[in-house]
4 protein chains.
Amino acid sequence: MTQKDATQTFPDKLLSGYQRFMQGRYADERDRYRDLAEAGQKPHTLIVACCDSRAAPETVFNSGPGELFVVRNVANLVPPYAPDGEYHSTSAALEFAVQSLRIRDIVVMGHGRCGGISAALDPGLKPLSPGDFIGRWMGLLKPVAAELQNSSLLTTAERQTALERISIRHSIENLRSFPCISILEEQKKLRIHGAWFDISTGELWVMDWKTGDFIRPDH
Amino acid sequence: MTQKDATQTFPDKLLSGYQRFMQGRYADERDRYRDLAEAGQKPHTLIVACCDSRAAPETVFNSGPGELFVVRNVANLVPPYAPDGEYHSTSAALEFAVQSLRIRDIVVMGHGRCGGISAALDPGLKPLSPGDFIGRWMGLLKPVAAELQNSSLLTTAERQTALERISIRHSIENLRSFPCISILEEQKKLRIHGAWFDISTGELWVMDWKTGDFIRPDH
Amino acid sequence: MTQKDATQTFPDKLLSGYQRFMQGRYADERDRYRDLAEAGQKPHTLIVACCDSRAAPETVFNSGPGELFVVRNVANLVPPYAPDGEYHSTSAALEFAVQSLRIRDIVVMGHGRCGGISAALDPGLKPLSPGDFIGRWMGLLKPVAAELQNSSLLTTAERQTALERISIRHSIENLRSFPCISILEEQKKLRIHGAWFDISTGELWVMDWKTGDFIRPDH
Amino acid sequence: MTQKDATQTFPDKLLSGYQRFMQGRYADERDRYRDLAEAGQKPHTLIVACCDSRAAPETVFNSGPGELFVVRNVANLVPPYAPDGEYHSTSAALEFAVQSLRIRDIVVMGHGRCGGISAALDPGLKPLSPGDFIGRWMGLLKPVAAELQNSSLLTTAERQTALERISIRHSIENLRSFPCISILEEQKKLRIHGAWFDISTGELWVMDWKTGDFIRPDH
């Protein structure tokens with residue numbers, strides 16, 4: 001039977017999780033889902049986050065449907081503005097969030113133990129496949145990673161955390177290279193934030209917008 | 001105070017959501033987070049999902065930390081394999097998930113009322129900004145969108161649902177253009193799935209891997 | 001014996017079913033049948049349905065005697081208004097229902113897995129007999145079927161469902177080509193509806209009269 | 001809301017009847033519906049019946065899903081074989097049932113108090129609309145109706161019943177004008193029957209295939 005086949009193939013964990021969703025959150029928020037479907041989404045925040053399975057923004061910020069517009073790529077990078085006629089996944093999402101959804105806040109959210117950042121710090125990293133897509137993608141950090149790679153004073157973990165945070169500031173700079181973002185930010189119609197999530201302790205560190213330092217808001 | 005500044009600027013909704021996370025899920029799963037930090041992530045599934053605020057995979061599949069490696073871009077597209085030396089956000093995430101994390105299942109997950117798909121169906125769509133990033137990105141669907149754009153027989157909603165599903169099949173074809181994916185799939189070490197989430201009704205439709213049809217596993 | 005002959009020839013299943021009817025529904029509704037015989041029928045709704053054995057309107061709508069005036073032809077088609085002096089089975093039934101019985105609602109009711117629609121989508125369909133009556137009859141859908149026949153993006157099942165629904169809208173347009181119908185509809189003395197029945201799941205999808213979309217009223 | 005609109009417009013009686021169907025027959029026969037959807041229909045009998053709301057074949061023969069392939073037109077007429085390239089609703093259904101579904105029994109089922117037959121007996125009948133579709137359709141009976149119209153010996157009710165039965169025999173003759181039917185009947189692969197249902201008493205009268213008389217099988 002056609003239906004049996006498809007059901008048997010689809011991962012059991014996802015199907016059982018979906019059943020919990022339907023009996024739980026969806027049952028509780030049915031009206032909200034209907035309204036969001038009819039009226040369209042109006043998320044308050046765009047989050048640029050990492051693909052990492054331990055740092056989902058909806059989980060860390062306990063967010064419900066309709067709240068967060070979320071781009072996720074390896075190491076939560078924002079590439080620089082490049083109107084070169086090529087397709088740019090992240091830039092397209094930024095443009096859509098800012099120009100079409102008119103979101104008011106953008107958060108670049110990094111996290112500890114990021115595999116992409118590790119790769120960027122490894123001078124001898126071999127391509128994962130002949131296409132070397134991770135190598136190219138993390139190459140976006142080459143200008144800032146090179147200095148740390150050569151540092152003998154920082155421990156491995158310190159280098160890692162340092163680049164995780166440097167990378168957030170770097171992505172925020174790149175965000176501002178998009179005219180549609182920098183103009184709105186100057187007009188105070190859009191705010192840009194940085195955040196770093198410590199997977200182990202659960203701590204959220206927020207970037208100070210003046211100094212670029214990461215601090216814990218509850219400390 | 002520096003700390004106040006950062007705290008005052010960071011969106012209140014995110015901070016209060018984070019407090020709920022810490023008192024709820026994190027408190028309950030503290031050990032799991034620690035283990036995941038120490039041992040590294042071992043997600044069972046890669047999900048290519050949309051940025052849409054109403055269709056977060058962790059929510060729909062009720063997934064906990066460590067389970068899903070998630071790429072999110074506008075309209076959950078997978079571009080074709082293009083080892084051209086440029087950076088490719090989605091391809092980098094695929095490569096990392098398959099080659100480094102050795103995930104066993106990939107799900108391309110679309111959803112109803114997708115704004116990116118709407119844009120792809122609008123023949124008169126104007127660039128959202130001079131960079132026209134959405135236009136370029138949704139241009140990945142141009143070959144399949146053109147036929148539907150010209151259809152006067154389908155309603156607007158029918159065209160939308162049709163392209164949302166066609167696009168999932170198209171992305172799955174593109175997935176298979178990556179040698180590292182198609183080889184593992186042939187060796188039965190990797191399985192590829194499609195899913196479509198109806199925001200309004202909460203229904204999950206799963207793609208039949210033989211026919212490409214979307215069916216509800218519980219029907 | 002003459003009587004034996006006729007009894008022996010007539011299908012057993014029908015005779016035994018008729019006995020159940022007499023002992024069941026007829027025994028329960030004897031007075032209603034008498035009244036309906038004496039006073040004449042006053043059905044509230046005309047249904048244009050398919051001949052398909054799995055989609056009888058009285059079954060799907062759990063209707064009793066006297067409620068539904070039912071036209072059934074292959075694929076529940078309404079031909080366009082053609083006062084050409086030829087005999088037109090469906091047009092005669094429409095005229096009788098609207099002008100003589102003064103019904104107030106018309107439902108064009110399609111269904112999934114319709115064999116007539118399959119035939120309309122098969123570009124290489126050979127005549128079933130030299131008269132090619134199915135070919136001619138389904139030719140009423142030629143203008144709308146051609147576009148779908150050429151689609152390589154939709155699966156076979158998707159093309160089928162699409163044409164089943166397009167055909168309902170097409171028949172509703174044809175209904176409105178009858179002056180006696182369009183005038184009454186404008187005067188709000190007659191309402192026209194579309195419905196699509198999923199044989200497999202039992203779901204009834206109702207046409208939204210504004211958009212033409214099919215939705216489930218209980219969702 | 002779109003969904004509300006469509007639901008409010010669709011006749012309440014049908015929606016509540018559909019709910020009874022889903023909770024009753026569909027719930028009881030879910031597997032049968034699924035099998036019928038997957039495997040396709042295999043009805044044992046084609047019934048040519050009248051649109052009349054008091055004479056639904058599924059009701060009179062207490063038939064379940066998948067049993068009866070049903071054509072319904074005004075006065076249950078079968079037109080003569082006319083391979084003229086025009087569309088013929090009833091002939092298309094016959095062809096489909098016999099050639100594609102390979103049904104083994106055909107029943108032409110008339111009934112008492114038939115409005116179409118009344119119209120055929122009324123020499124002064126005015127067109128119901130300028131198209132005069134009922135006039136044209138019942139004109140198929142003109143050759144047999146004329147004699148009864150002029151009879152002053154039969155009462156009105158006798159003329160009505162007489163034509164109802166004559167018409168069944170006439171339709172059976174027309175059935176046999178279709179080569180695909182007469183050939184199969186000669187090969188004993190197909191049987192043709194007549195039946196007449198008395199709405200008032202619930203009696204079923206079956207046609208004797210040798211004499212053409214209508215008799216009650218249980219008498």
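1. The contact between the two chains (heavy atoms within 4.5 Å) takes 106 residues from chain A and 106 residues from chain B. The model is predicted: local features need pLDDT of at least 70, side-chain atom pairs count only at pLDDT 80 or more, and totals for chains, interfaces and linings use all residues. Residues are numbered from 1 along each chain as its sequence is written, and side-chain values use heavy atoms, with hydrogens and water left out.

2. About 9,100 Å² is buried between chain A and chain B, with 62% from carbon and sulfur atoms; buried area is the accessible area (1.4 Å probe) that two parts lose on being put together, summed over both. A:Tyr87, A:Glu95 and A:Phe133 supply 9% of the area that chain A buries against chain B, more than any other three residues.

3. Across this interface there are 4 salt bridges (a side-chain nitrogen of Lys or Arg within 4 Å of a carboxyl oxygen of Asp or Glu). B:Arg113 forms a salt bridge with A:Glu38, their closest N and O atoms lying 3.8 Å apart.

4. The UniProt annotation "binding site", from an unreviewed entry, covers A:Cys50, A:Asp52, A:His111 and A:Cys114; such annotations may be inferred rather than shown by experiment. These residues span 65 residues in sequence, yet no two of their C-alpha atoms are more than 8.8 Å apart, so they gather at one spot.

5. A:Cys50 is buried at 6% relative accessible area, and A:His111 is likewise buried at 2% (buried means under 20% relative accessible area, 1.4 Å probe, protein chains only). Among the residues that A:His111 touches are A:Cys50, A:Asp52 and A:Glu164.

Note on methods:
Chains lettered and ligands numbered in written order. Buried < 20%, exposed > 50% of the residue type's maximum accessible area, 1.4 Å probe, protein only. Lists of a residue's contacts leave out its neighbours within four places in sequence.
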